[in-house]
Amino acid sequence: MASREIVQYDSGLSRVFKVLAQVFLVVYLIWTVSPFIIMVGSSMKDLLEAFTLPRVGDWLGALSFFDFSPTFKHYVALFAEENFGAYLTNSLIASVGSALVAVVLGTSCAYSMSRYQFRGKKDVFFWIISTRMAPVVAVIVPLYAIFRSFGLVGTLPGLILAYTTFNLPFAIWMLKGFFDNVPYAIEEAAQCDGATRLQATMQILPLVAPGIGAFLVLCILFAWNDFLFATIIGSGGAKTLPVATKELIQPQNVQWGKIMAAGVVTTAPMMLLGLLIRRYLVAGLTMGAVKE
Amino acid sequence: MQKTLRAKRASFSAIEEDHGYAARRLDYGPGALNEEPKRRYHILLMAPAILTLAAITIYPFFWLIYMSLHKVSVARSDRWVGLDNYARLFGDVKYTDGWLLLVKYSALCLTLEILIGVVLAVILNGSRFEKVLVTVFLMPMMMSPVVAGLVWYYLYNGTFGWYHWLFQSIGILGETSILADIDTAMWGLVIVDVWQWTPLITLITLAGLKRVPQDQLEANMVDGAGSLRNFFTVSLPNIYPFLLIAILLRFMDNFRFIDHILVLTGGGPGNATRILPVYLFDVSFQFFKLGRGAAIAFTLLIVTIVLGLILVRIFDDPKKQVASGEAGETTDD
Amino acid sequence: MVAISIENVWKYYGETVAVQDLNLECRDGEFVCVLGPSGCGKSSTMRMLAGLEHISAGQILFGDKRINELAPKDRDIAMVFENYALYPHKTVAENMANPLRMAGVDKATVTKKVLDAAKLLEIDHLLDRKPVELSGGQKQRVAIGRVIVRQPAVYLFDEPIAHLDAKLRARMRTELKHLQQHQGVTTVYVTHDQLEALSMADRIAVMHDGVLQQFGTPAEIYSNPVNTWVAGFVGEPTMNLILTEVATEADRPKLTHKGFTIDLDGQLGEAALRGNEKALRFGIRPENLKVSLERSPGAIEGTVYTRQLLGSDLLVEVETGNDHFRVRTSPAFEGEVDRPCYISYDLGHAHLFSAETGQSIV
């Protein structure tokens with residue numbers, strides 16, 4: 001919805017407000033971006049440079065942050081010494097795997113949820129959404145016990161299944177909203193054109209394909225960023241990047257350069273994916289309650 | 001299956017309309033109904049997802065209840081203890097404090113996020129840089145909470161953390177790191193949450209602001225309202241449902257995500273930041289008292305479900321028109 | 001190319017009745033309009049014909065074949081939807097080719113048939129476009145193109161031109177009628193627009209509240225409506241339906257009203273007495289009334305209430321005894337608002353309806 005420009009009448013006070021607003025914006029921008037800059041910067045610094053701070057109150061000294069000769073040795077070390085290649089693979093398999101499971105099962109379920117009226121549908125729906133909103137710490141307690149008895153703890157299938165607990169309800173919920181917006185008449189037209197029920201359903205899949213793609217990416221993102229499931233269910237054989245990154249914190253010798261490099265490795269791919277599906281992000285992060 | 005239908009005389013009686021157009025209605029029902037078509041198609045499509053979800057949510061839910069009524073240990077078999085696990089929660093100061101801290105933590109986070117988020121949205125709305133800035137502000141949300149925790153752990157560090165230096169330079173902190181002091185540790189967590197999630201509030205508010213009816217704003221201006229009045233009398237009531245959703249979502253996320261807390265303080269110093277989910281994590285996976293943990297988890301779940309019910313209620317409320325509002329296809333004429 | 005019989009068909013949505021005991025016979029090649037306001041059950045009827053909706057009771061036959069249990073694809077039908085229901089991701093050509101592809105027709109034939117249909121509908125220059133790039137009228141043509149590429153047994157049209165503007169609607173009416181006559185395919189056409197029904201149909205089925213009110217040719221429906229509902233629904237401006245009391249004076253029946261008295265004779269008179277009813281609704285179409293500023297014997301006296309110009313005609317509403325008569329007359333009529341005037345009528349065009357049941361008693 002493009003909104004018309006509203007006429008603004010300038011007064012002294014409103015000019016003051018405007019300046020304040022700009023200042024606020026700049027401060028907020030710096031505060032949002034600074035952790036990223038420091039993360040990336042520190043990941044490319046040598047030990048000594050990383051530990052240098054200006055004197056307290058020496059504002060100009062802050063610029064010394066940018067005074068370093070970049071090195072990629074921490075990144076190299078991550079993969080050479082810390083086995084990050086394997087963790088990266090684990091993260092990829094677990095997140096993509098669970099996203100695929102969620103989206104494939106979710107699409108067919110969401111489709112029927114959207115098209116088929118049955119008694120108790122509201123309750124089923126509430127159950128689905130509540131599983132998504134359940135606190136991970138609470139879910140993980142029984143899940144850990146069950147997975148342990150099935151030998152799923154410390155395995156990638158176990159982790160994929162664990163991620164499905166939040167990705168599948170998410171996919172069903174979001175995709176149902178998507179299917180709801182596709183007129184049923186299109187499928188009916190297809191049936192009149194001579195399509196079977198299944199063929200008619202297939203006809204409308206291209207229409208929701210962008211949404212399916214976007215929610216696949218969001219599912220990957222949620223799973224990739226997870227820490228709790230990964231540290232409990234995945235501990236041992238299925239260590240993912242967030243867990244591995246956290247484990248770099250050793251009581252005696254905290255290697256900040258490496259940790260920051262690991263942070264970049266963990267964050268960068270998701271940042272790119274996030275930009276890719278920018279249009280669906282708000283809907284995805286608010287469970288579809290708000291669309292841009 | 002053929003069933004006879006009782007004639008519905010009442011609904012069939014002649015209806016007299018405005019201009020005296022009386023239509024002929026029937027006063028009998030059909031002899032027999034045709035067999036309903038089978039709905040196998042939809043059930044087949046729904047079954048895999050529903051069954052999977054049931055297996056990984058309902059089954060564990062009953063397990064949770066089972067565990068909460070037992071003393072669960074890794075070595076020996078489970079021992080029935082009845083409601084003992086629950087009873088002990090009442091005497092557990094860490095449990096009750098956990099709730100209080102959770103509420104305190106959420107309240108602090110939400111207040112700041114809403115305040116900053118809404119102000120930011122109002123400034124951004126219609127600004128020249130809206131698109132670019134919104135994209136930049138999305139970045140923290142894409143970051144894994146645990147990585148966010150690690151980065152801020154580094155930034156807060158008492159000897160070489162840049163934000164520690166900043167706080168010292170402004171003069172609000174001494175030598176001690178924000179996380180090491182019982183009085184400030186909670187704020188350290190709040191800052192991280194605010195950093196990561198304020199943009200979400202901003203985005204939601206922006207979406208709401210775009211839907212504020214232009215004619216209402218204009219009518220209000222004609223009635224003599226300035227921009228500030230306009231915001232409070234027209235915009236705010238219109239974005240209120242959006243904010244409500246944002247609040248609930250964030251509140252529930254505070255239950256859901258404790259990743260950064262585990263990294264930053266682990267509940268300390270002392271128990272200053274041991275909000276209930278963190279305490280639950282400790283009981284279950286530090287001390288492996290799974291039965292106790294299950295009892296805590298159960299209470300936490302119930303509260304979440306109630307919150308969820310409220311949220312869904314708001315979703316469904318047609319008057320609020322939060323969702324995009326496309327009406328479903330009606331099949332009848 | 002098949003006859004359709006709808007036999008004792010009922011449609012329930014839960015407890016709500018959408019269609020009640022519907023019986024209709026469409027002859028082979030006939031153009032039948034189902035006419036009624038929204039919620040009258042006409043769309044449900046169409047959807048049951050198409051197989052998109054379960055038939056709660058009764059049966060539908062195409063020829064001798066019961067089609068209740070057949071899936072839409074096995075019914076040999078083609079349907080045009082109210083909102084066109086084009087595939088948004090396909091081009092015009094692909095949209096039109098879809099039914100042929102589904103039927104497994106070879107590529108060369110498909111291309112040829114699509115082109116033929118497109119030419120017929122004058123949309124051959126749009127074949128590469130997507131539906132979003134088309135205007136409402138063009139979309140509508142594509143939707144029609146999609147049904148005429150093959151020769152099905154039955155065409156189903158569900159308010160296909162309801163969303164077009166008035167001018168385009170008039171044009172599409174002619175074209176659709178022409179197309180149907182040209183192809184001779186049995187057609188069921190659902191509409192709420194009585195003008196569409198009157199101008200296109202061979203026969204019209206008027207429905208109200210799920211019940212078939214009248215089934216007949218446009219002329220029958222127009223000149224012999226069976227009840228006040230049909231009388232009021234068909235025809236624009238609507239028929240005058242004035243509530244009057246029945247009285248007899250020297251064995252001659254007459255209708256009395258606060259503002260006028262009408263002497264009845266012959267057939268009308270007999271009918272008025274036959275039912276022994278106290279009150280009757282006197283129905284007459286605006287074009288069968290004449291209004292004049294001069295008094296004439298037997299004319300109804302009243303005052304001009306409004307004048308509305310309907311292009312070539314003038315609609316004068318005359319107030320008499322708290323009721324209004326609508327009269328269609330020439331714009332030359334000089335009566336200004338509030339002027340006394342006189343309405344004369346020809347009882348040959350008059351209708352009498354029972355005030356109680358609304359049924360025609362003639």
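This is a predicted model: local features need pLDDT of at least 70, side-chain atom pairs count only at pLDDT 80 or more; totals for chains, interfaces and linings use all residues.
Select B:Leu83, which is found in the loop between strand 2 (79-80) and helix 3 (84-90) of chain B. Helices (H or I, at least four residues) and strands (E, at least two) are DSSP runs, numbered from the N terminus. Is B:Leu83 buried or exposed? B:Leu83 counts as exposed because it has 11 C-beta neighbours inside 10 Å. The cut-offs are these: a residue is buried if 20 or more other C-beta atoms lie within 10 Å of its own, exposed if 12 or fewer, and partly exposed in between, with C-beta atoms placed from the backbone.

Residues are numbered from 1 along each chain as its sequence is written, and chains are lettered from A and ligands numbered from 1 in the order in which they are written.

**Chain B as a whole**

Select chain B. Its secondary structure comes to 13 helices and two strands. Of its 333 residues, 43% count as buried. Two residues are in contact if their C-beta atoms, placed from the backbone, lie within 7 Å. Among the contacts in chain B between residues at least 6 apart in sequence, 65% join residues at least 24 apart.

**Chain A against chain B**

Show chain A as well. The contact takes 89 residues from chain A and 83 residues from chain B. Which element gives the largest share of the side of chain A that touches chain B? It is helix 1 (residues 12-43) of chain A, with 13 residues. That side of chain A divides into 61 nonpolar, 20 polar and eight charged residues. Here Ala, Val, Leu, Ile, Met, Phe, Trp, Tyr, Cys and Pro count as nonpolar, Asp, Glu, Lys and Arg as charged, and the others, Gly among them, as polar.

Next, pick A:Thr245 in helix 11 (residues 241-247) of chain A. A:Thr245 counts as buried because it has 30 C-beta neighbours inside 10 Å. Leaving aside neighbours within four places in sequence, A:Thr245 is in contact with A:Ile259, A:Ala262, A:Gly263, A:Thr266, B:Val147 and B:Leu150. A:Ala261 is 16 residues from A:Thr245 in sequence and 9.1 Å away in space, C-alpha to C-alpha.

**Two helices of chain A**

Select helix 9 (residues 197-225) and helix 12 (residues 256-276) of chain A, which pack at an angle of about 155° with their axes 10 Å apart. Axes are lines fitted to C-alpha atoms, for helices over the stretch in contact, and angles run from 0 to 180 degrees between N-to-C directions. The two helices are therefore roughly antiparallel to each other, a term for angles over 145 degrees. Among the residues making the contact are A:Trp224 of helix 9 and A:Met270 of helix 12 of chain A. By class, the contact has seven nonpolar, two polar and no charged residues.

**Chain C**

Move to chain C and find its open sheet of six strands, in the order 6-7-8-3-9-10, with mixed pairing. Two strands pair if DSSP finds at least two bridges between them. Strand 6 and strand 10 (211-216) stand at the edges, each with a single partner strand, so one side of each is left without a neighbour in the sheet. The twist averages 15° from one strand to the next.

Within the sheet, strand 7 (residues 154-158) and strand 8 (residues 186-191) of chain C pair in the parallel sense over five bridges. C:Val154 has C:Thr186 in strand 8 as its bridge partner.

Select strand 1 (residues 4-13) and strand 2 (residues 16-26) of chain C, which run antiparallel and are joined by seven bridges. C:Ser5 stands opposite C:Glu25 in strand 2. The two strands form a hairpin with two residues between them, and C:Gly14 in the turn has a positive phi of about 60°.

Finish at strand 19 (residues 340-345) of chain C, joined by four bridges to strand 15 (residues 289-292), with the two running antiparallel. C:Val291 has C:Ile343 in strand 19 as its bridge partner. Strand 16 (residues 300-310) of chain C also pairs with strand 19 in the antiparallel sense over four bridges. There, the bridge partner of C:Gly302 is C:Cys341.

Note on methods. Angles under 35 degrees count as roughly parallel, over 145 as roughly antiparallel, 65 to 115 as roughly perpendicular and the rest as oblique.
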